[in-house]
Amino acid sequence: MGAGAVFRTYPAGDGGITVELGSAIDFLTSRRAFHLFKRLRASPPLGFIAALPTFCSLTVQFDPLVTDGEAIGAAVFAMAAEAADAIEEPSVRWRIPVCYDLTFAPDLEAIAAQIGKQPEAVAEIHAAQLYRVYMLGGFPGFAFMGDLPEALQAPRLASPRLTVPAGSVAVAGRLTAIYPAATPGGWNLIGRTPVRLFDPAWEQPALMSPGDEVAFYSVERAGFQSLEKRVAAGHVEPAEFRIR
Amino acid sequence: MKAGLRILSPGLLSTIQDLGRPWFQHLGVPVCGALDAWSLRLGNLLLGNDPGAGAIEMCFAGIDAEASGAPVRVLIAGPCEGRIEGHASARTLRPWRSERLDVGEKLRLGAVKDACCAYLVIAGGAEVPPVLGSSSTYTRAGIGGPAGRPLLAGDTIAALAAITKDEEVELPSSPAEEQGPVRVVLGPQIDYFTQGAVAALLNELFTVSADADRTGMRLDGPRLAHTRPADIPSDGTVHGMIQVPPSGQPIILLNDRQTTGGYPKIATVITADLPRIGRLVPGRSLRFAAVTPAEGVRLAREQQRRLRDLLATARVVRGRPLLTTELLLSTNLVDGVVDAWDSNV
């Protein structure tokens with residue numbers, strides 16, 4: 001069984017299939033899903049429309065007027081069987097400035113209380129970890145990153161907020177993420193960043209890609225505000241935050 | 001000058017939609033596009049447009065607009081009609097019959113009847129700069145449309161082509177509404193549901209609740225019970241997926257749905273029935289019936305044949321002449337001679 005072996009395939013209606021590569025949130029499995037996604041895009045079967053790589057699966061959408069789930073499934077199986085065993089080293093690393101000020105972090109104290117530490121310690125623990133992007137979804141540019149140290153792991157809010165500020169840095173379960181825009185949000189907010197996560201005008205519209213490494217570092221309010229101004233004025237390129 | 005429609009009143013929620021942008025879902029970008037893609041395509045093809053050309057999707061209420069720049073040919077694709085306040089007189093604009101609006105003529109459309117939406121299709125297609133390959137509007141992220149938002153009074157939507165003929169096109173009758181249950185393929189997470197839940201899905205009546213929009217529609221009816229916690233690692237969504245959160249209340253996902261979701265999905269509406277569910281309004285009832293994916297594919301292809309058959313019944317009719325009697329009478333006499341073809345139209 002090749003490393004890219006497929007677990008199970010389920011129909012997703014008559015114009016889609018869900019290819020399950022694992023059953024839990026697992027970084028290696030999400031890399032396999034992403035590799036399969038790239039291979040499909042590089043050699044799309046007849047009728048292929050799009051694919052979405054997620055934590056442990058790949059959803060493939062196709063046009064039922066020209067093909068069907070069996071044909072697409074066969075093409076996907078063949079590609080998965082060809083998969084190389086080695087998962088290549090990550091090529092991109094981002095360094096994202098975060099202000100962990102309490103005014104930007106309404107849930108920071110609750111998380112701190114949970115581990116019997118000061119809010120500053122939570123910020124330190126969050127910023128000390130190197131994360132990897134599992135997948136993007138839910139909103140343009142929203143990257144699910146992991147894994148959080150166990151100390152910071154808390155469930156989502158019982159009631160999601162109707163709106164969270166754009167750039168909010170958040171945690172839920174073993175994952176951390178940045179809200180790209182002011183949308184409803186159920187994750188715990190522990191800081192804010194002025195970095196843009198998505199722009200249709202960029203050559204690659206989303207800043208992050210599955211497999212990317214992400215490091216956060218703490219900045220004071222003044223640093224946050226001056227960067228925020230530069231971003232608003234359009235003077236900041238995505239490459240400014242890329243360190244590899 | 002360019003032909004266009006200047007919006008006088010945007011109705012309740014009118015957005016530019018085409019067939020959507022499926023190519024960036026892996027970046028979290030929803031597909032969007034027309035709730036009723038079948039009507040959009042038929043309307044476009046009748047006017048000689050690309051089937052996926054952008055049009056104005058009008059939800060619940062029609063728009064008021066004025067032709068500007070140059071004459072515009074329009075067609076209503078869906079159950080909506082209205083009046084044209086012409087230069088000479090008023091005339092009716094019925095669905096599925098094109099009409100030319102001369103510069104300054106106003107279109108006033110009424111409510112969309114018994115359906116969620118209807119399309120105001122423009123000959124040549126709506127000229128809206130594409131974002132990420134499509135002009136479909138995604139208001140939440142400010143993508144598409146004239147400015148990443150629904151239409152407002154004062155917006156002008158240009159037509160991509162000029163009018164050269166005075167012929168109009170019409171269907172002899174409005175397309176027949178699909179009857180019977182909405183067909184679904186069970187799964188992908190069928191094993192997260194009790195046998196009772198599946199039986200309820202396929203035997204009971206559901207009603208579209210008031211909690212319905214372009215993202216999805218919550219259904220009132222029996223609650224669908226899970227066999228285990230209703231929480232899965234987020235996986236990809238497709239149009240028509242029926243997801244069921246812990247509450248047990250099913251939600252049919254539509255065009256603006258989030259690309260991924262962490263609730264189990266009990267079934268997915270087939271491609272042929274997606275336009276039908278896009279037309280549903282709160283209060284409307286529906287039943288579901290299970291089919292195999294192969295049957296769904298067969299039904300999708302059969303529906304495409306029906307679209308072609310319907311197009312074949314379209315009639316070309318002579319419209320109002322490009323040079324009207326009124327215009328002729330208003331032309332100044334020069335040396336007692338009136339040249340019928342000397343006009344600034």
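Predicted model: local features only at pLDDT ≥ 70, side-chain atom pairs only at ≥ 80, totals over all residues.
**Exercise 1.** Describe the contact between chain B and chain A, and state which element supplies the largest share of the side of chain B that touches chain A.

*Solution.* Begin with the extent of the contact, which takes 41 residues from chain A and 40 residues from chain B; the area buried between the two chains is about 3,000 Å², and carbon and sulfur atoms give 64% of that area.

Next, turn to the polar terms: there are 12 residue pairs in polar contact between chain B and chain A, both residues being at pLDDT 80 or more, and the count of salt bridges is 1. Asp231(B) forms a salt bridge with Arg156(A), and because the closest N and O atoms are 3.9 Å apart, the pair falls within the 4 Å cut-off.

Then assign the chain B side to its elements, where β14 (182–186), β17 (235–236) and α4 (293–312) each supply at least two residues, and the largest share, 6 residues, comes from α4(B). By class, this side has 21 nonpolar, 14 polar and 5 charged residues.

**Exercise 2.** Describe how α1(B) packs against α4(B).

*Solution.* Start with the geometry: helix α1 (residues 37–46) of chain B and α4(B) pack at an angle of about 35 degrees, with their axes 11 Å apart, and the crossing is right-handed.

Now list the residues in contact, which are Trp38(B), Arg41(B), Leu42(B), Leu45(B) and Leu46(B) from α1(B), and Gln303(B), Gln304(B), Leu307(B), Leu310(B) and Leu311(B) from α4(B). Sorting them by class gives 7 nonpolar, 2 polar and 1 charged residues.

Conventions. Residues numbered from 1 in each chain as written. Chains lettered and ligands numbered in written order. Heavy atoms only, no water. Contact = heavy atoms within 4.5 Å. Buried area = accessible area lost by both parts, 1.4 Å probe. Salt bridge = Lys/Arg side-chain N within 4 Å of Asp/Glu carboxyl O. Polar contact = N/O pair within 3.5 Å; in protein donor to acceptor, adjacent residues only side chain to side chain. Helix = DSSP H or I, 4+ residues; strand = E, 2+ residues; numbered from the N terminus. Nonpolar A, V, L, I, M, F, W, Y, C, P; charged D, E, K, R; others polar. Axes fitted to C-alpha atoms, helices over the stretch in contact; angles between N-to-C directions. Left-handed = near helix turned anticlockwise from the far one by under 90°.
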